[in-house]
Amino acid sequence: MKNYNKMKNKRVLSTRQQKLLAKKIIEYFFNNPHANSSKEMEEKFNINQVFIRKTISEELKRRLNNTDRIRKT
């Protein structure tokens with residue numbers, strides 16, 4: 001019940017809003033290394049930690065794949 005109440009105040013976003021917010025989260029993550037914990041970003045963007053972690057994880061995977069692709073050529 002405690003987690004439900006915590007999530008109750010979070011925003012529900014459309015797909016377009018999620019993409020825009022993901023860009024902001026990624027930019028914030030890389031530009032603010034001193035304040036890029038998921039808890040701090042959760043408070044700043046008013047979104048749950050799962051979305052933040054998933055967004056950052058996908059971006060890091062994408063960057064790793066690009067790096068691997070470049071190194072192979």
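Good morning. In this predicted model, the lining of the largest pocket comprises four nonpolar, three polar and four charged residues. The volume of that pocket is about 190 Å³.

Let me name the lining residues. They are Thr15, Gln18, Lys19, Ala22 and Ile26, together with Val50, Phe51, Lys54, Thr55, Glu58 and Glu59. Two elements each give two or more residues to this lining, namely α2, residues 15-31, and α4, residues 49-72. Of these, α4 supplies the largest share, with six residues.

On the α2 side, the contact is made by Gln18, Leu21, Ala22, Ile25, Ile26, Phe29 and Phe30. On the α4 side, Phe51, Ile52, Thr55, Ile56, Glu59, Leu60 and Arg63 take part. By class, this contact of α2 with α4 has 10 nonpolar, two polar and two charged residues.

A search of the whole structure returns two aromatic pairs. In one of them, the ring centres of tyrosine 28 and phenylalanine 45 lie 5.7 Å apart with their planes at 90°, so the pair is edge-to-face. This pair links distant parts of the chain, 17 residues apart: tyrosine 28 belongs to helix α2, and phenylalanine 45 to helix α3, residues 38-45.

Thank you for your attention.

Definitions and conventions:
Residues numbered from 1 in each chain as written. Predicted model: local features only at pLDDT ≥ 70, side-chain atom pairs only at ≥ 80, totals over all residues. Heavy atoms only, no water. 1 Å grid on protein atoms, 1.4 Å probe; cavity = no way out; pocket = protein on both sides within 12 Å on 5 of 7 lines; lining within 4 Å. Points joined across faces, edges and corners; volume = space filled by probe spheres on them. Helix = DSSP H or I, 4+ residues; strand = E, 2+ residues; numbered from the N terminus. Nonpolar A, V, L, I, M, F, W, Y, C, P; charged D, E, K, R; others polar. Contact = heavy atoms within 4.5 Å. Phe/Tyr/Trp six-rings, centres within 6.5 Å; stacked < 30°, edge-to-face > 60°.
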